[in-house]
Structures are given as structure tokens and as C-alpha cells.
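Please keep the model open while you read this note.

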Amino acid sequence: MMRRAWLWVVLLALGLLLLARLLFDDGSAPQAADQNLTAASSQSETQLSQQHSAKTASWPPPFPEPKRVPLLDTGPALPAAQSLVATRYGDPRSPPIARDTQRPLQPTREELADPQAYQRYEANQHQQLLASFADAAQQEVPRLLSDIERGRQSGIDPVAIAKMEEKARRLAALEQELRQQHPEWKRTQR
């Protein structure tokens, strides 16, 4: 407690000294040598500032006047609460959610107990996954090719079209390779 009181006394005394110095300083301290030094330094400062202003006169470059463009019409302005109410049961513009009706087959107790039987179960699951991929690729490649053709007709960049054509080609090649490795898979009709 005593230390805190002394600390306050010292801080108050320092504050009073600083205040007295600011109030009663008469400014008569500069001498002739200081005046010569000040004059020389002011001349060199003006030369440096002139050189600096010549170098940086155009930096940073001035901002161009912003172009005023009208905003696109986004429809009627709705408060956030009304917007949320409008989409409470889903956005009518969104595609329907397709749920998988087939439940994946779970391993039986015998498969879980026997390591070789479980490996056969896993291999069968993997084969089903690959077959599903091949079926999906077989359906999607023609859609992708029609999208590429529409893009070409609408003037999309040829580099982007070439990328998409390469993706479609690779997807079709992967589907063909899977079909050749597994001839037991039945082809779906296109």
C-alpha cells in the first residue's frame, strides 16, 4: 500500500515538472552555432525534398474516375425474413433430391467371423462400386459431349473445350477398360 502511494507521488511530481517546463520555457536557448547548423540543414532539406518530389510526382498514380454502371435487376427486394419463409420447404428452382432406395448389403455374421469370407464380401462390394461407376460413365459421356457441342456453338474458349473433350475421352476410355476387364457386367442401353 505504501509503495503504491509513493509511486503516485513520483508520477505526480514528474507530471508537474513536465508541465512547468512546457509553460515556462522562454525559447532563448539557441546560440549562433545552432543557428548556422539549422540554416545549413534547412538548405539541404529543401534540395532533398525537391529531388524527392521530382522522383515521386507521379507515384502513386492517380485513381481513374470510377465508371458508373447500373446494377442488374435482381427482382423485388425482400426482407431477409420473408426470403427465408419463401424457401422454408426448399427452393422450387433446385433439382429434386434423388435418394438411394437400395440399402447396401451388410456382411453376415459368418462373413464377419471368417477373414476369407469377409475378403470375398469386400471384393464383391468393390466390384459393385466399379460396375456402378461404369454404368454412370456410360450415361454421362453422351451428355458431356452434347454440352461440349453446345459450348462450341456458343463460342466458349477453344482451350476450355479441348480440356473438356479430353476429360470426356478419358472417362469413356476408363469405362471401356472396366467393361473389358469385367465382361460379366451387363451393358445398359444408351
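1. Start with H182. This is a predicted model, and H182 sits in the segment that follows α6 (158-181). Is H182 buried or exposed? H182 is buried, because its relative accessible area is 13% and buried means under 20%. Look for what lies around it. Leaving aside neighbours within four places in sequence, H182 is in contact with Q127 and L130.

2. Now step back to the whole chain. How many helices and strands are there? The chain has six helices and zero strands. Read along the sequence, the pattern is α-α-α-α-α-α. Buried residues account for 9% of the 190 residues. The accessible surface comes to about 17,900 Å². Carbon and sulfur atoms own 60% of that surface.

3. Next, contacts along the chain. Take contacts between residues at least 6 apart in sequence. Of these, 50% join residues at least 24 apart.

4. Cover is another matter. α1 is hardly covered, and its count of buried residues is zero.

5. Turn to charged pairs. Side chains of opposite charge can pair when their charged atoms come close. A search of the whole structure finds seven salt bridges. One of them joins the side chains of D135 and R179, at 2.7 Å from N to O. This pair links distant parts of the chain. D135 belongs to helix α5 and R179 to helix α6, and they are 44 residues apart.

6. Compare the cover of these two partners. Which class does D135 fall in? D135 has 24% relative accessibility, so it counts as partly exposed. R179 has a relative accessible area of 7%, so it is buried. The cut-off for buried is under 20%.

7. At 39% relative accessibility, R152 counts as partly exposed. Not counting residues up to four places away in sequence, R152 touches I161 and E165. Also check R152 against A162. They are ten residues apart in sequence, and their C-alpha atoms are 9.9 Å apart in space.

8. R152 has a salt bridge inside its own helix. The partner is E149, and the side chains meet at 3.1 Å, N to O. Why are they about one helical turn apart? Because E149 and R152 are three residues apart in helix α5. An α-helix has 3.6 residues a turn, so residues three or four places apart point the same way. E149 counts as partly exposed, at 34% relative accessibility.

9. R152 also reaches out of its helix. The side chains of R152 and E165 meet in a salt bridge, at 2.1 Å from N to O. R152 lies in helix α5 and E165 in helix α6, so this pair ties together parts that are 13 residues apart in sequence. E165 counts as partly exposed, at 34% relative accessibility.

Note on methods
Residues numbered from 1 in each chain as written. Predicted model: local features only at pLDDT ≥ 70, side-chain atom pairs only at ≥ 80, totals over all residues. Heavy atoms only, no water. Helix = DSSP H or I, 4+ residues; strand = E, 2+ residues; numbered from the N terminus. Buried < 20%, exposed > 50% of the residue type's maximum accessible area, 1.4 Å probe, protein only. Contact = heavy atoms within 4.5 Å. Areas by Shrake-Rupley, 256 points an atom, 1.4 Å probe, with all protein chains shown as cover. Salt bridge = Lys/Arg side-chain N within 4 Å of Asp/Glu carboxyl O.
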